[in-house]
Amino acid sequence: MNEENYPGVLMRVKAVIADSVVLLVFMIGVTFIFNKFENVNDNLRIAAFLFIFVFYDPIFTSLFGGTIGHKMNGICVRRGSNHERNVIFPLTLIRFITKAFLGWISLLTISGNEERKAIHDYLAGSVVLYEKKT
């Protein structure tokens, strides 16, 4: 594959922005559901929001090959060793935690390699690709 198959920083940032909106919608939806009940413990609310924030990216990436933001922008996350297979959940969790911890710093490595991998991609053995047109 050549560099044209690997999205750059701008496309990946667009996916993150779209995912931020998706997370907001999920959290508003959970708030709406909780408001239908009289006494919802604050700890349950906090747990629900943490679950959404921490597990949205890893679950969607491992099951569907990317988040809603990835799909909206025509990109996907695959195993670096086999571009036909999704990354397994434990590695997507490591990928997300690293990405969240390092923030934009993780993206600094994208332009420095042929597969445009960020630091979190190296740690998870993943690669971000443009989705194949079917």
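Predicted model: local features only at pLDDT ≥ 70, side-chain atom pairs only at ≥ 80, totals over all residues.
Colleague: Salt bridges, then. How many are there by this rule?

Modeller: The count comes to 6 salt bridges, where a salt bridge is a side-chain nitrogen of Lys or Arg within 4 Å of a carboxyl oxygen of Asp or Glu.

Colleague: Which residues are linked in a network of salt bridges?

Modeller: R12, R95 and D121 are linked in this way. The side chains of D121 and R12 meet at 2.6 Å, N to O. This pair links distant parts of the chain, with D121 in helix 5 and R12 in helix 1, 109 residues apart. Helices here are DSSP runs (H or I, at least four residues), numbered from the N terminus.

Colleague: And what about D121 with R95?

Modeller: D121 also forms a salt bridge with R95, and their closest N and O atoms are 3.0 Å apart. That pair again links distant parts of the chain, D121 in helix 5 and R95 in helix 4, 26 residues apart.

Colleague: Is D121 buried or exposed?

Modeller: D121 is buried, because its relative accessible area is 0%. Buried means under 20% relative accessible area, exposed over 50%, and partly exposed in between (1.4 Å probe, protein chains only). R12 is buried as well, with a relative accessible area of 7%, and R95 counts as buried at 2% relative accessibility.

Colleague: What does K117 form a salt bridge with?

Modeller: K117 pairs with E115, the closest N and O atoms being 3.7 Å apart. K117 is buried, with a relative accessible area of 12%, whereas E115 is partly exposed at 26%.

Colleague: Back to R12. Which side chain does R12 join through a polar contact?

Modeller: The side chain of H120 does so, at 3.3 Å. A polar contact is a pair of N or O atoms within 3.5 Å; within protein, one must be able to donate a hydrogen and the other to accept it, and residues adjacent in sequence count only if both atoms are side-chain atoms.

Colleague: Where is H120 found, and what is H120 in contact with?

Modeller: H120 is found in helix 5, residues 119-124, and counts as buried at 2% relative accessibility. Leaving aside neighbours within four places in sequence, H120 is in contact (heavy atoms within 4.5 Å) with R12, R95, T98, K99, S106, L107 and S126. The C-alpha atoms of H120 and T92 are separated by 9.3 Å, with the two residues 28 apart along the chain.

Colleague: Changing topic to T61: what does the side chain of T61 reach?

Modeller: The T61 side chain reaches the backbone oxygen of D57 at 2.8 Å. T61 lies in helix 2, residues 42-64, and counts as buried at 0% relative accessibility. Beyond neighbours within four places in sequence, the contacts of T61 are G66, T67, H70, V77, N86 and T92.

Colleague: How many aromatic pairs does a search of the whole structure find?

Modeller: The search finds 6. The rings of F53 and F96 have centres 5.9 Å apart and planes at 75°, so that pair is edge-to-face. F53 is in helix 2 and F96 in helix 4 (residues 89-102), 43 residues apart, so the pair links distant parts of the chain. Rings of Phe, Tyr and Trp (its six-membered ring) pair if their centres lie within 6.5 Å; planes under 30 degrees apart count as stacked, over 60 as edge-to-face and the rest as tilted.

Colleague: Which residues form one aromatic cluster?

Modeller: F26, Y56, F60 and F64 form it. Y56 and F60 are 4 residues apart in helix 2, which means they are separated by about one helical turn.

Colleague: Last one: which residues form a nonpolar patch on the surface?

Modeller: V9, V13 and I17 form it, with about 220 Å² of accessible area together. Areas come from the Shrake-Rupley method with a 1.4 Å probe, and for residues only the protein chains shown count as cover. Patches are made of residues with over 30% relative accessible area and no salt bridge: like charges are joined within 9 Å, nonpolar side chains (Val, Leu, Ile, Met, Phe, Trp, Tyr) within 5 Å. V13 is in helix 1, residues 9-35, and counts as partly exposed at 31% relative accessibility.

How values were computed: Residues numbered from 1 in each chain as written. Heavy atoms only, no water. Helix = DSSP H or I, 4+ residues; strand = E, 2+ residues; numbered from the N terminus.
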